[in-house]
Amino acid sequence: MPISVCGSETARRLQERVARALPAERVERVGDWWLRHDVGSSWWTATVLPHGVPGRDDLVRAVSVAERFYAGFGRVTTFQLTPGVCPVELDALLAERGYYRHTPISLWAASVDDVRFRARSSGAGIRLTELPTGAWFDVWRAVHGDGGDCRPEWERLVRVEQPSAYVGVFDGDELVAVGRAVVDSGWAGVFGMATLPRARGRGAAGEVLRSLADWASDLGTGGMYLQVDGGNSPALRLYESMGFTEVCRYHYRSEVLS
């Protein structure tokens, strides 16, 4: 099940699954491109997912359409770019137009059975629900929140239409680690992994992955995928130990407004 070829059709479809698991408030399609707009939640929810535009002339027109779309909301245009999946000329074209490159990310995948086989239970208490709870969200926000308005992030979770699981791991009576998964067309995407600092290094994140893999297996799901910052060494070690391998790397380009 793990994929090794960057730019495969599977990599493209995984990224489209990500877009459904992190649903923007508004999505417009220009050919195979997804123009996504969102207010207040994570910035990457409001980026262009550019797939399948042939020819440079068509490419220039499509970029201009995207720029007008985001200008209508008073925000800069940002593209998510995966070599081999996006049009080959797009990255260079955006650089020519003054877009700057940032935020390299790695997409990883594993078989559900491999994750379940490699996981080791620590005996911690586990709670799995199909909808987010306030306690689950509080732990996620403690790790990833910026102290601002949390309602947009909560509303994004509520917009997810695919089957979802929210896992929490307890240390005694205290919830210390969380994660969620979304099943879509035979794959389970893993999102929202968060462990409180005082609980790190004790297997809580592995428990989250094990529980999500068990849940995905019960639904007949064969593969799991996730995204990770290439500089996050502890996360990379964990995911490698659980059987994940890199599918491809991608990055973003954002326009600079004068």
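This is a predicted model: local features need pLDDT of at least 70, side-chain atom pairs count only at pLDDT 80 or more; totals for chains, interfaces and linings use all residues.
Which residue forms a salt bridge with Glu 246? The first point below takes this up, and the later points turn to other parts of the structure.

1. The partner of Glu 246 is Arg 249, and the closest N and O atoms of this salt bridge are 2.9 Å apart. Glu 246 is partly exposed, having a relative accessible area of 29%, while Arg 249 is exposed at 59%. Elsewhere, salt bridges with shared partners connect Arg 12, Arg 13, Glu 16 and Asp 32 in one network.

2. The average pLDDT of the chain is 91, and 96% of the residues score at least 70. Over residues 1–7, however, pLDDT stays under 50; for this stretch the model has 26 contacts beyond four places in sequence. Those contacts should be read together with the pLDDT under 50.

3. In an α-helix, with 3.6 residues a turn, residues three or four places apart point the same way. The two partners may also be described by their accessibility: Glu 16 counts as buried, at 5% relative accessibility, whereas Arg 13 counts as partly exposed, at 36%.

4. A further salt bridge joins the side chains of Asp 149 and Arg 151, at 2.8 Å, N to O. Here Asp 149 is partly exposed, with 45% relative accessibility, and Arg 151 is exposed, with a relative accessible area of 54%. The count of salt bridges comes to 18.

5. Helix α2 comprises 16 residues, 56–71. From its first C-alpha to its last, α2 reaches 22 Å, close to the 22 Å expected at 1.5 Å a residue. Its buried residues are Leu 59, Ala 62, Val 63, Ala 66, Glu 67, Phe 69 and Tyr 70. These lie on the same side of α2, because they cover an arc of only 160° around the axis. On the other side of α2, the exposed residues are Asp 57, Arg 61, Arg 68 and Ala 71.

Note on methods
Residues are numbered from 1 along each chain as its sequence is written. Side-chain values use heavy atoms; hydrogens and water are left out. pLDDT is the predictor's confidence in each residue, from 0 to 100. Contact means heavy atoms within 4.5 Å. Helices (H or I, at least four residues) and strands (E, at least two) are DSSP runs, numbered from the N terminus. The expected span of a helix is 1.5 Å times one less than its number of residues. Buried means under 20% relative accessible area, exposed over 50%, partly exposed in between (1.4 Å probe, protein chains only). The arc is that of the directions from the helix axis to the C-beta atoms. A salt bridge is a side-chain nitrogen of Lys or Arg within 4 Å of a carboxyl oxygen of Asp or Glu.
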